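This report describes selected helix and strand arrangements in a single protein chain. The sequence and structure are shown first, and the description follows.

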Amino acid sequence: MNIPRSLISTDIDFEQEGFQTGSLKVPYSHDRSAYGRILIPIAVLKQGTGPTVLLTGGNHGDEYEGPVALMKLLQRLPTMQIQGRLIVVPGLNFPAFLNASRTSPIDNGNLNRMFPGQRNGSITEMIAHYVDTELFPRADVILDLHAGGASFQHYPTLLAALPQDPAQHDQYLRLVNAFAAPTIMIMNLLGEDRTYGAAAERQGKLFLCGEFGGGGSCDPEGLRIVEDGLQRVLRSLGVIDEPAPAPSPTRLIKVEGPEHYLFATRAGVFEPCFKLGEQVQSGQLAGRLFDPHAPWEAPLQLHFTKAGQVVCTRTFAKVEHGDCIAVLAAPSQWH
């Protein structure tokens with residue numbers, strides 16, 4: 001007996017020529033619906049000969065620049081002429097997307113920390129497993145579009161990391177240069193390997209990701225960067241022959257490790273002494289952490305341990321011990 005790789009099914013025929021809309025059908029049996037399903041919208045356009053590009057947003061449900069850019073792209077797809085195949089999923093963790101939350105309201109799953117997922121796991125694990133076993137193998141190039149979400153404001157950046165395979169470096173850099181975000185950042189996730197990007201790289205795929213806003217809003221400038229970057233990438237791949245906006249100058253920065261992170265060392269209310277985009281110095285006062293249970297006591301002062309530009313700031317003033325408050329990055333070069 002042949003067991004399907006995934007419990008998730010779809011009415012999309014990925015090999016069919018032309019434009020299709022449909023859904024990924026995630027089985028969800030619960031108290032209100034014994035044989036229920038969660039329907040994740042997906043669209044595919046296949047024409048001619050060319051690469052397959054997988055475009056996803058809503059990996060976290062409170063990040064909107066990517067989903068809005070992809071929903072706007074979907075308005076154009078029926079009349080577009082392409083060479084290749086576009087697979088577009090604007091709200092990948094759909095329960096979280098509908099709930100405007102980072103994680104799923106069903107299982108509290110953070111999709112971007114669940115790869116490669118499990119066939120027989122929770123709802124979020126099943127989505128990760130489907131992406132890893134059904135979507136990634138079909139794709140040549142993958143773009144997953146993020147923002148800071150409700151808890152962070154993020155400087156608009158394309159996140160970049162050279163593939164482990166040196167043979168892919170030139171092609172990867174061509175895509176990075178084609179996207180041409182004003183800021184390109186090499187991120188250090190402190191050893192985290194359960195992400196969408198880590199899973200895509202394990203399959204040898206060319207992968208781009210980015211953070212283009214935050215605060216649970218849709219930033220117009222971040223949205224413009226995403227839309228222009230997508231247009232240039234698709235043109236550079238030969239998927240489209242449409243005009244693309246001219247690229248702007250870019251710069252490369254890098255989060256160099258734990259010393260570029262600022263964490264809360266106890267619970268409290270945080271007063272920041274910095275702004276997003278500001279250049280700060282090692283030892284500079286980052287902010288004051290007040291104890292709401294003893295408001296008469298002097299606040300705990302937090303300091304930056306290394307110089308850099310503030311590229312990510314916490315939205316919420318209330319913090320718990322261990323919360324990330326800020327992330328820095330410094331000028332860098334490709335090695």
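In this predicted model, helix H4 spans residues 169–179, and its buried residues are Tyr-172, Leu-175, Val-176, Ala-178 and Phe-179. These residues lie on the same side of H4 because the arc they cover around the axis is only 165 degrees. Asp-170 and Arg-174, on the other side of H4, are exposed. The cover over the buried residues of H4 includes strands S6 (141–146), S8 (157–159), S9 (183–186) and S10 (206–211), together with helix H6 (220–236). After H4 comes Ala-180, which has a positive phi near 55 degrees.

Strand S9, one of the elements covering H4, is itself covered on both faces. Thr-183 and Met-185 are buried on one side, and Ile-184 and Ile-186 are buried on the other. In a regular strand, side chains alternate between the two faces of the sheet. S9 pairs in the parallel sense with S8 over two bridges, and Leu-159 has Met-185 in S9 as its bridge partner. The chain passes from S8 through H4 to S9 in a right-handed β-α-β crossover. S9 also runs parallel to strand S11 (residues 251–254), to which four bridges join it. In that pairing, Thr-183 stands opposite Arg-251 in S11.

A further group of strands forms an open sheet of four, in the order S16-S15-S13-S18, with antiparallel pairing. Strands S16 (300–303) and S18 (318–319) stand at the edges with a single partner strand each, so one side of each has no neighbour in the sheet. Within this sheet, S13 (residues 268–272) and S15 (residues 285–290) form an antiparallel pair over four bridges. Glu-271 has Arg-288 in S15 as its bridge partner.

| Strand pair | Sense | Bridges | Bridge partners |
|---|---|---|---|
| S8 and S9 | parallel | two bridges | Leu-159 and Met-185 |
| S13 and S15 | antiparallel | four bridges | Glu-271 and Arg-288 |

Pro-331 belongs to strand S19 (residues 324–331). Is this residue buried or exposed? Pro-331 counts as exposed because its relative accessibility is 72%, and the cut-off for exposed is over 50%. Beyond its neighbours within four places in sequence, Pro-331 is in contact with Leu-252 and Ile-253. The C-alpha atoms of Pro-331 and Lys-254 are separated by 6.3 Å, although the two residues are 77 residues apart along the chain.

Note on methods:
Residues are numbered from 1 along each chain as its sequence is written. This is a predicted model: local features need pLDDT of at least 70, side-chain atom pairs count only at pLDDT 80 or more; totals for chains, interfaces and linings use all residues. Side-chain values use heavy atoms; hydrogens and water are left out. Buried means under 20% relative accessible area, exposed over 50%, partly exposed in between (1.4 Å probe, protein chains only). The arc is that of the directions from the helix axis to the C-beta atoms. Contact means heavy atoms within 4.5 Å. Two strands pair if DSSP finds at least two bridges between them. A crossover is right-handed if, with the strands pointing away from the viewer, the path from the first strand over the helix to the second runs clockwise.
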